[in-house]
Amino acid sequence: MNETAASERYRQGMATRRAVLGDAHVDRAAIATTEFDRPFQELITEAAWGHVWSRPALTKRERSIVTIALLAALGQDDEVAMHVRATANTGASREDICEALLHVAIYAGVPAANHAIKIAKQAFAQMDAEKAA
């Protein structure tokens, strides 16, 4: 989207998206965007990031915890990993994520939580390795 033509919601969404996911992730998504998926990218930037994630009632930490639990319950593996990595920017702790996934186990099923725990452990190990390097 042309930034001069971008709506305020899009601009806010892009700022929030960058704050949560990091510039490198958002830049990779922008480079990979084609004419086919540009409308989708604009939709998620405005709706998910500009409207929902930018609301003041919950902190980014709280939204991060809720999002990871929902994605785990839905079996959205790639999104779980992405949002676990985003905890470096949102302030959600590993303990927060552990607690959220315990809720997933009870309310959405042990297999969903078990798989999400595996994904979270892999993401945390990658984050630790990057930090150590």
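Figure 1. The expected span is 1.5 Å times one less than the number of residues; helices are DSSP runs of H or I with at least four residues, numbered from the N terminus. Residues are numbered from 1 along each chain as its sequence is written. Because this is a predicted model, local features need pLDDT of at least 70 and side-chain atom pairs count only at pLDDT 80 or more, while totals for chains, interfaces and linings use all residues; side-chain values use heavy atoms, with hydrogens and water left out.

**Figure 2. The buried residues of H6.** Asp96, Ile97, Ala100, Leu101, Val104 and Ala105 are buried (under 20% relative accessible area; exposed is over 50% and partly exposed in between, with a 1.4 Å probe and protein chains only). These residues pack against helix H4 (60–74), helix H5 (77–90) and helix H7 (110–132).

**Figure 3. The pair H6 and H7.** The two axes, lines fitted to C-alpha atoms over the stretch in contact, come within 8 Å and cross at roughly 165°, the angle running from 0 to 180 degrees between N-to-C directions. H6 and H7 are therefore roughly antiparallel (an angle over 145 degrees).

**Figure 4. Residues flanking H6.** Ser93 lies in the loop between H5 and H6 and is partly exposed, with a relative accessible area of 30%. After H6 comes Gly109, with a positive phi near 120°.

Notes. Helix = DSSP H or I, 4+ residues; strand = E, 2+ residues; numbered from the N terminus. Contact = heavy atoms within 4.5 Å. Parallel < 35°, antiparallel > 145°, perpendicular 65-115°, else oblique.
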